[in-house]
Each structure stands twice: as structure tokens, then as C-alpha cells.
Amino acid sequence: MAQLTYRASVSLAIAQSMRKDQKVFFIGEDVGAAGGVFKATVGLLEEFGKERVMDAPISEQAILGAAMGAAMTGLRPIAEIMFSDFLAVCWDIVANQIAKTRYMSDGQINIPLVIRTANGGGSKFGAQHSQSLENWSMMIPGLKVVAPSCPSDVLGLMDSAVKDPDPVIFYEHKSLYAFKEEIEKTDLFIPIGEANTIHEGKDITIIGLALMAQRAKDAALILKDKHDINAKVIDLRSLVPLDLQTIKKSVIETGHVMTVEENPRLCGWGAEISSLISEHCFKNLKGPVTRVTTPHVPLPSADILEDNTIPSVELIVNEVIKKLKGE
Amino acid sequence: MVDKLNDDIGEEKRLQLWEMMLKLRLVEKKAYDLFLQNLIKGTSHLALGQEAIAGAFGVALKQGDYTFCTYRGHAHTLARGSSIEGVLGELMGRQCGLMKGKGGSMHLTDVDKGVMGSYAIIGAHLTIANGTALASKYNKTNEVSVCFFGDGTTNIGAFHEALNMAKIWNLPIVFVCENNLYMEYTPIHEVTAVEHPAADRAGAYDLDKIIVDGNDADEMLRTAEKAISKAREGKGPSLIEAKTYRHSGHSRADPGKYRPDEEVKDWMENKDPIKNYRAKLLDFNINEKIISEIEEKIKDQVEKATEISMASPIPEIKEIYTDVWANGGSEWHN
């Protein structure tokens with residue numbers, strides 16, 4: 001048993017993939033000599049050398065383009081986009097090229113690459129270094145979207161993402177880098193597309209992702225201890241592919257559903273989940289699906305403003321009580 | 001008298017180049033005819049008049065080398081040896097098309113021939129071509145990657161990002177700017193800070209300034225071979241600016257009326273790469289009968305391929321749902 005941080009699990013996961021497969025290499029800004037701005041890639045350059053751990057210029061299009069081209073030949077690149085907000089400057093490569101080339105080429109070309117990126121708020125970095133952008137990528141056919149909530153999921157999902165023959169965007173949450181977990185075995189494989197029930201309960205289903213899954217779990221503990229409410233918490237782990245069966249099964253059991261999303265409300269991933277639930281489980285619902293999201297605003301920077309914009313444990317607790325007890 | 005037949009290019013390669021350029025010209029003309037008959041839908045960007053560039057690279061490259069081109073890519077695809085019915089069939093949305101109708105005119109792809117795609121968003125493919133070049137370097141193999149693009153591309157960010165990366169990593173790649181003087185409908189000099197949109201930027205990336213008459217097939221072949229050899233020998237990237245001119249408008253919807261009549265006439269009559277090359281072959285004492293036989297052979301090939309394409313079935317509707325993912329399907333939830 002060893003305690004591992006989410007941060008350390010990232011570098012370990014990359015290292016494990018690179019040890020297993022010579023076709024895997026790693027490219028990004030300040031990822032090698034500096035070990036990453038979040039220190040999530042420390043030690044990789046020392047172990048694998050400059051040929052496999054490549055420090056790139058501030059050229060996000062060139063980074064992802066090079067990763068895509070290399071993947072087209074059968075290599076398995078892992079490319080880092082330092083902050084997910086920077087995906088906006090290379091979105092053509094992601095949304096038009098990486099996502100569509102397999103389809104347009106009638107399957108002649110596979111693009112087995114992983115785009116890792118630091119996502120989400122909590123660091124008071126302001127509106128351009130804090131966004132939760134999973135929903136940007138989930139709406140593009142051809143992209144798989146993964147967002148782990150704990151170190152073991154980082155390990156297992158990274159292994160899966162690197163081995164996947166399709167492009168995967170791997171959203172790491174900045175506020176989880178310090179999150180610790182006791183881990184018995186580090187060589188894990190978790191298939192992409194399997195949600196994880198991280199708290200059992202029969203009164204309500206709370207669906208979260210990444211940091212919001214952890215906050216939903218913390219809220220569930222409080223609800224159980226102080227309010228006699230048993231919430232089932234589903235950590236989706238990936239949005240594409242989506243584990244609809246696990247969601248359906250739980251909704252049939254509880255009849256109450258809440259999504260907890262870090263993104264602004266409009267077109268957040270919870271909207272799709274809500275739509276799927278109304279389509280597949282309408283008769284099982286005891287009330288409308290509740291969506292807890294950030295308001296429709298860019299993220300502000302000051303402590304009190306950011307803290308009150310992103311859904312907190314307290315907000316989740318209060319929303320569940322309001323929903324179930326009408327208080 | 002100079003022994004013209006036994007110079008650095010020679011008769012055999014010249015005839016190969018002649019056949020190649022003629023094929024690109026005649027297929028493109030056929031594509032235009034099929035448009036007029038409404039057998040090809042959507043849009044199309046013809047490379048009529050620019051055949052010497054794709055043709056020269058087609059002759060100079062080896063099997064296994066990678067090429068990337070733009071939405072004006074019918075010629076570049078054919079130049080790697082893709083079948084005529086594969087190209088025309090794709091334009092017509094038939095099952096015999098290179099991508100069975102999934103991609104269309106702007107996305108011709110034929111991986112078996114090294115055609116790694118035709119890209120319709122300006123600039124992107126320069127960065128992607130770096131990736132295949134990086135793979136050759138990583139794997140210590142000796143393929144060369146070649147990336148064709150237009151003059152308008154030199155003003156987008158991806159062009160600059162890609163050149164810088166190719167240089168700092170010493171990648172085996174050749175960037176080929178086909179400067180046809182117009183960025184879509186606008187004269188390139190009106191929207192570019194320098195006279196030579198690609199070549200004048202080369203120095204910024206510690207690359208040689210290379211300008212070539214892109215309508216002179218022999219010069220184009222020499223320039224291509226030199227840059228390809230340099231890349232193959234591990235001596236890094238090149239940026240070539242080839243001056244040329246498109247005989248038709250930017251796309252199907254464009255009659256090209258913004259260009260002065262005199263200018264168009266001059267390029268069509270005096271600088272047509274195919275007309276001039278035919279004259280050159282005769283000047284080199286190559287038997288006209290051989291030249292004409294090649295013409296007849298290509299005409300015949302184009303007609304036969306057109307028949308095959310027209311007879312090929314249209315795609316089945318179920319094809320819509322295939323090949324989003326490597327498992328062949330398009331499912332996004334269980």
C-alpha cells in the first residue's frame with residue numbers, strides 16, 4: 001500500500017505506458033526539463049530522454065498537428081495542452097482534423113493519440129485558466145472524452161486511453177492534483193466508458209465528473225450523517241463513450257436525479273444526461289432532473305467570487321435537501 | 001551541340017513527367033465536364049495550370065513517402081499513383097471512390113499510396129505533415145514528408161508554427177507553396193507584407209530562400225529532387241515557393257473575373273506548363289509519335305475510368321453510421 005497523489009499518478013501513468021510500448025512518446029510545453037507547470041510530469045525526461053519526452057514551443061496547433069501526424073503512422077503520442085482553455089487556439093486541429101479524419105478517410109486512417117490537459121477551477125486563475133471544457137469536446141463526433149476523479153482512475157484510464165485506437169481527450173482536474181489515495185497496485189486498466197459508483201444510496205442519484213464527483217461524494221457523506229438521506233453518487237469518468245446503462249439502472253432504483261457540473265449551465269453535459277433520462281426513464285422519475293452548474297458567467301478570480309460560482313459541497317447538500325424535502 | 005537527351009533529367013524521366021502532367025490535366029478537365037453535367041455535386045477546386053508542381057513531386061518521390069495537400073488536391077493525389085476512378089468516383093460520390101463518398105473532393109485520401117489526406121482548413125496540414133516527418137525521425141526510417149499549400153496559407157498562424165517546429169527538430173519535410181498569385185479572389189500582394197509570400201519568410205526560420213518557376217516542369221523536378229534528397233539525408237526541412245497560375249477560378253462557383261484578361265491570356269498562352277513542355281520535348285528531339293501515343297493512352301485511361309465511375313453504385317445509406325471509431329461504428333453510449 002502506498003499513498004499516491006493525483007499529480008504523481010499522472011507521471012506514473014505516462015511512465016508505465018512508455019515502458020510498455022516504445023511507440024508512446026510525450027510532447028508538450030515545459031513538460032520535460034521543467035516537469036510540467038503542475039509538476040505532473042516530473043522525472044519523465046530523466047527516464048526516457050529527449051527523443052521520447054519532447055519540450056515544444058508555445059505552438060499548440062503545431063503540437064497537436066505533430067501528434068496527429070505521428071499517430072497516423074501508428075505511433076501513440078501523448079500530447080499535453082497546458083491549460084484546457086488553450087484548446088481554443090488549436091481547436092481546428094482537435095475538432096476538424098483529429099476528430100474527423102478517420103471518418104472522412106473511410107477508415108483508412110486511425111489516430112491513436114491522447115491529449116492531456118489541466119482543466120477546471122479552484123485555483124483563482126481567472127476566466128482563461130480555469131474553465132471546465134469537457135462539453136466542448138463531447139459534442140464533436142470522433143473524440144473520446146475522459147475526466148478522472150482520483151489517482152487510481154488516472155492510472156487505469158490513462159492506460160486505457162493510450163491503448164485506445166481512437167483519439168482521447170484526457171481532462172485532469174487542477175484542484176485534484178494534490179488529492180491522495182491509498183493504492184495497492186499501480187498497473188491498472190479501466191475501460192473507457194464505465195462509470196463508477198463511488199457512494200451507495202437509494203434515495204437519489206447524483207451524477208458527477210472529476211472534481212464534482214468528489215464533491216458529490218463529500219456531500220453524500222454529510223447527507224447520510226446529518227440528514228438521513230442516502231445518495232448514490234455516480235462518477236461518470238468518461239462522457240464519450242457514456243455509460244448510460246449504469247445511469248438508467250440507478251434512476252430506476254432512486255427515481256430522483258441530480259447532475260453536478262462545473263461548466264456553465266447552457267449546453268453543459270448534464271443537459272444531455274437529463275435528455276437521455278427523460279427519453280429512457282421518464283416513467284421512473286419522481287420529479288424533474290435537477291442540474292447544479294455554475295451560472296452562465298465566465299469564472300471570476302477573487303476567492304469569494306470563484307468559490308461561490310463553482311458548485312460547492314454545501315450547495316450540493318442544500319440542493320438535495322431542497323429537492324427531496326422541499327425545504 | 002549539347003547532348004540534351006543525356007542531361008541530368010534524360011528522356012525517360014521527361015516522358016514520365018509528360019505522362020504524369022497530362023494525366024493531371026485531363027482528369028481535371030474531365031472533372032470540370034462532369035460538373036457541368038451535374039454528375040459531380042458540392043464544390044471543387046481545380047488545379048488546371050498548376051500540374052508541373054504536383055507532377056514533378058510525383059515523379060521525384062518514392063513509394064512510402066508521405067504527401068499532404070489542400071482542398072485543391074485532385075492532382076496531388078493522382079500524382080502519387082491513385083487510380084483515376086478512385087478520384088473521379090469520390091468526386092461523384094460513388095462506391096469506387098477513394099473514400100466511398102465519405103470525404104468528397106476536398107478530402108481525397110489514399111494511404112496505400114502515401115496520400116495522407118487533403119485538408120480543407122488552411123494551414124492545419126502543415127502541422128500534421130510535421131507529425132509524419134517526426135515519426136520517420138523517431139522510427140529512424142527514411143521517408144520524406146511533402147506538404148503542398150497555396151500562397152494564402154502563408155498568412156495564417158499554423159504556417160509559422162509548423163515551419164519553426166520543422167526547423168528546430170530538423171524534420172525530413174519539404175513545404176511547397178504553390179503561389180498562384182491569388183488568395184481566393186484577392187491578389188496575394190494586396191494582403192501580404194512581403195513580395196514573395198513564402199520565400200521571404202524562409203529566413204525567419206533559418207531556411208533557404210527558394211523561388212522556382214512552378215510552370216517549368218524541368219526546373220520544378222530539379223528543385224523537388226534537391227529538397228527531397230536533403231530531407232532524406234537528414235539535413236532538415238525546405239520551403240519552396242513555386243510561381244504558378246490557375247487557369248480556372250478559385251472554386252466551382254468562381255468564374256475568376258477579378259483577374260485582368262491580359263494576365264490570364266499571357267499565362268494560358270505563353271506559360272502553360274503542358275503546352276510548353278510538349279514544345280520542349282520536341283526541341284529535345286523526342287519523337288512526336290511517342291509524345292502523341294502517351295496522349296492517346298492517357299485520354300483512353302480517363303475515358304475508361306469515367307465509365308467505371310459512372311457505373312459504380314452509389315453508397316448505401318447505412319454507411320453514414322460507419323467508421324467514426326476504429327471499431328467501425330459510431331455508437332457513443334452503451
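Modeller: What follows sets some of the labels used for this predicted model against their cut-offs.

Colleague: What makes Asp106(A) and Lys100(B) a salt bridge?

Modeller: The closest N and O atoms of Asp106(A) and Lys100(B) are 2.8 Å apart, and because the limit for a lysine nitrogen and an aspartate carboxyl oxygen is 4 Å, the pair qualifies as a salt bridge. The count between chain B and chain A is 4 salt bridges, and there are also 21 residue pairs in polar contact between these chains, both partners being at pLDDT 80 or more. On the side of chain B that touches chain A, β1 (66-70), β2 (115-119), α5 (124-139) and α6 (157-168) of chain B each contribute at least two residues, with α5(B) giving the largest share, 9 residues.

Colleague: How many residues of that side of chain B are called nonpolar, and how many polar or charged?

Modeller: The side of chain B that touches chain A divides into 23 nonpolar, 12 polar and 7 charged residues. The contact as a whole takes 42 residues from chain B and 52 residues from chain A, and the area buried between the two chains is about 3,800 Å², of which carbon and sulfur atoms give 63%. Tyr138(B), Trp325(B) and Trp332(B) supply 19% of the area that chain B buries against chain A, which is more than any other three residues supply.

Colleague: Why is Glu295(B) called buried?

Modeller: Glu295(B) has a relative accessibility of 15%, and because buried means under 20%, Glu295(B) falls within that class. Glu295(B) lies in helix α11 (residues 288-311) of chain B, where, leaving aside residues up to four places away in sequence, Glu295(B) touches Trp18(B), Leu22(B) and Arg278(B).

Colleague: Why does Gly214(B) count as buried?

Modeller: The relative accessibility of Gly214(B) is 0%, which is under the 20% limit, and therefore Gly214(B) is called buried. Gly214(B) sits in the loop between β7 (210-213) and α8 of chain B, and, not counting residues up to four places away in sequence, touches Ala52(B), Ile53(B), Met220(B), Ala242(B) and Lys243(B).

Colleague: How do you know that the span of α12(A) is close to the one expected for a helix?

Modeller: Helix α12 (residues 313-325) of chain A has 13 residues and reaches 18 Å from its first C-alpha to its last, and the expected span at 1.5 Å a residue is 18 Å. In α12(A), the buried residues include Val313(A), Ile316(A), Val317(A), Val320(A) and Ile321(A), and the buried residues of this helix pack against β10 (204-208), α8 (211-227), β13 (257-264) and β14 (290-294) of chain A. Just after α12(A), Gly326(A) takes a positive phi of about 65°.

Colleague: What makes the approach of Arg232(B) to Asn142(B) a polar contact?

Modeller: The side chain of Arg232(B) reaches the backbone oxygen of Asn142(B) at 3.1 Å, and because the limit is 3.5 Å for a donor and an acceptor, this approach counts as a polar contact. Arg232(B) is placed in helix α8 (residues 217-232) of chain B, and Lys62(B), Asp65(B), Glu143(B) and Val144(B) are among the other residues that Arg232(B) touches.

Notes:
Residues numbered from 1 in each chain as written. Chains lettered and ligands numbered in written order. Predicted model: local features only at pLDDT ≥ 70, side-chain atom pairs only at ≥ 80, totals over all residues. Heavy atoms only, no water. Contact = heavy atoms within 4.5 Å. Buried area = accessible area lost by both parts, 1.4 Å probe. Salt bridge = Lys/Arg side-chain N within 4 Å of Asp/Glu carboxyl O. Helix = DSSP H or I, 4+ residues; strand = E, 2+ residues; numbered from the N terminus. Nonpolar A, V, L, I, M, F, W, Y, C, P; charged D, E, K, R; others polar. Expected span 1.5 Å × (residues − 1). Buried < 20%, exposed > 50% of the residue type's maximum accessible area, 1.4 Å probe, protein only.
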